Amino acid sequence: MSLRVQRAPALPRTAGGFGAVQARLGALAGSVAGLCGLRRYGLAFLLGALAALALPPFNAVPVLLVSFPLLVWLLDGARSGRACFATGWWFGFGHYLVGLYWISNALLVDAASFAWLIPFVACGLPAVLALFVGAVAWLFRRAGGDGGGRILLFAALWTAGEWLRGHLFTGFPWNLLGYAWTASDAMLQAAALFGIYGLSLLTVLAAASPAALASPPARRPAVLWPAALGAALLLAAGVGGGLRLAGAEAGTVEGVRLRIVQANIPQRLKWEPEQRLDIFRRHLELSAQPAPQGPPTHIIWPETAVPFLLANEPAALQAVARVVPAGGALLTGAPRAERRADGELQLWNSLLAVDGSGAVVAAFDKFHLVPFGEYVPFRGWLDIAKITPGAIDFSAGPGPRTLRLPHLPPFSPLICYEAIFPGAVVARGDRPRWMLNVTNDGWYGRSTGPYQHLAIARVRAVEEGLPLVRAANTGISAVVDAYGRVRARLGLDERGVIDADLPAALPPTPYARSGDLALGAMLLLAGGAGWLTRRRGRAAIMR
């Protein structure tokens, strides 16, 4: 027997309090559940788009209290598994269309070659990602049930869908629902316990719980506990995070002062041959300018700050050596190339460390490449050009590494969006003392993308208990402490430098020690509890 949301019985005109509110919610739930066709899917699309406003840079978290309960009611009223899947898909399509529109800006850098792809990217990627939401909706219908138990089950299914989206087909864990809390340093501290996916679980549970209030008044105890549980968990996360920050010491590493260079090079000029030397000089000039509060010990340039093969240019290496602080190093993003035994040229997107003699003393190769941006999947079948310049696909590096340089704590390099992958940002068994994220968000112009990228990277600092230093070509460059707090930043499309001490690391957090094991336990608990309460709800109705 499968239960659908029913209109609550009309209360007498004199009735008030919770019963009146519940009756009105029941009437609304019945109206929403009864929608069909274009009105059903159009509302689902709008609700998904609305939910995207909860994410950075807007962080309008209260909109989730509208979008998710109405989504649950729409799913309750779906007349078939196909309709339920379609409802979830339209919600996801609206959500990702609004949240990821900025990706299309990359195709305008070389509009003559790639602008024709904008409709396929702007709509195609959201359409694919929406399949995960459609699958969640279909599984939710298969589980059936009524009352509060289905809210727990929905939250567990949604979070499992986010986890799969972050891992399957190279993964794209961008704009997980937990990132809605990046405007609150206190709320983010929960990520130190169970990571961003666990914070997503709490968020969806709390956001969807009002949907249970539309159940019949006779079932009042069964409908109150999900809202109470969701509110209590969020309150506990906020209070616990506030207490953690209240005792947080803003320590720094003695003897280390970093200079982060943000040259603000427009992406349309970055790879023009006649611009390359000028771009190189701009970085050198910013690196050599006076430091009012003490000279830096190390200098950091962003991803592909050097738009040529720096390691193959002795004169350029000597120019870099002249700005390297005594006993320190300059770390810069630059392409790196080698010839294989068969004579083919192999190319990497790399981070190079250059010392005061002009020698490359360390190198790290990006291991998580952007499909179609840095390489073309299924190259044998797809005869198309990648978006980044050059005919050669980038090769992937071996994975996370901990680099060690003189007079600098060991660190984990992360190039571009490698910082968005929870649990995959440090080498396990060789814990660093900080993370360095070099990136080039100039591809995306003045959009929400760079703000989202910084917000997402901050959460890695909380999860791992490690400070994160971010150098971005056009911004947003920042220094983030191990609690995820931004200590210094240089805004979007600004040219300049950040001179800052390196924040100290914390002991390994529970998430750093166990990864997503805690998440798995939370999902089993939430899903199991939801399943049991669903079965009890069915049994009570049949009696």
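Which residues in α2 are buried?

A: This is a predicted model, in which local features need pLDDT of at least 70 and side-chain atom pairs count only at pLDDT 80 or more, while totals for chains, interfaces and linings use all residues. Residues are numbered from 1 along each chain as its sequence is written, and side-chain values use heavy atoms, with hydrogens and water left out.

In α2, the buried residues are Arg40, Ala44, Leu47, Gly48, Ala49, Ala51 and Ala52. Here buried means under 20% relative accessible area, exposed means over 50%, and partly exposed is what lies in between, calculated with a 1.4 Å probe on protein chains only. A helix is a DSSP run of H or I with at least four residues, a strand is a run of E with at least two, and both are numbered from the N terminus.

The 16 residues of α2 should span 22 Å, and because its end C-alpha atoms are 23 Å apart, the two values agree. Helix α4, residues 81-99, can be treated in the same way: its 19 residues reach 27 Å from the first C-alpha to the last, close to the 27 Å expected. In α4, 14 of the 19 residues are buried, so this helix is largely enclosed by the rest of the structure.

Between α2 and α3 runs a loop that holds proline 57, and the peptide bond leading from proline 56 to proline 57 is cis, with omega near 5°. Leu64, Leu65, Phe68, Pro69 and Val72 in α3 meet Thr203, Val204, Ala206, Ala207 and Ala208 in α9, where contact means heavy atoms within 4.5 Å. Sorted by class, this contact of α3 with α9 has 9 nonpolar, 1 polar and no charged residues. For this count, Ala, Val, Leu, Ile, Met, Phe, Trp, Tyr, Cys and Pro are nonpolar, Asp, Glu, Lys and Arg are charged, and the others, Gly among them, are polar.

Next comes a residue in a strand: asparagine 349 is found in β4, residues 345-354. Asparagine 349 counts as buried because its relative accessibility is 3%. Its side chain joins that of glutamate 303 through a polar contact of 2.8 Å and that of glutamate 374 through another of 2.9 Å. A polar contact is a pair of N or O atoms within 3.5 Å; within protein, one must be able to donate a hydrogen and the other to accept it, and residues adjacent in sequence count only if both atoms are side-chain atoms. Leaving aside neighbours within four places in sequence, asparagine 349 also has contacts that include Thr304, Ala334, Phe364 and Ile415.

Arginine 485, in the loop between β10 and β11 (486-490), also counts as buried, at 14% relative accessibility. A polar contact of 2.8 Å links its side chain to that of aspartate 481, and, apart from neighbours within four places in sequence, arginine 485 is in contact with Asp185, Leu245, Ala248, Val479 and Val480.

Asparagine 175, in the loop between α7 (149-165) and α8 (185-188), has a positive phi near 55° although it is not glycine, and asparagine 175 is buried, with a relative accessible area of 3%. Phenylalanine 372, in the loop between β5 (360-365) and β6 (403-405), has a positive phi of about 70°, but phenylalanine 372 is partly exposed, with a relative accessible area of 37%. Finally, a cis peptide bond with omega about 10° joins glycine 475 and isoleucine 476, and isoleucine 476 belongs to the loop between β9 (468-472) and β10 (477-480).

How values were computed. The expected span of a helix is 1.5 Å times one less than its number of residues.
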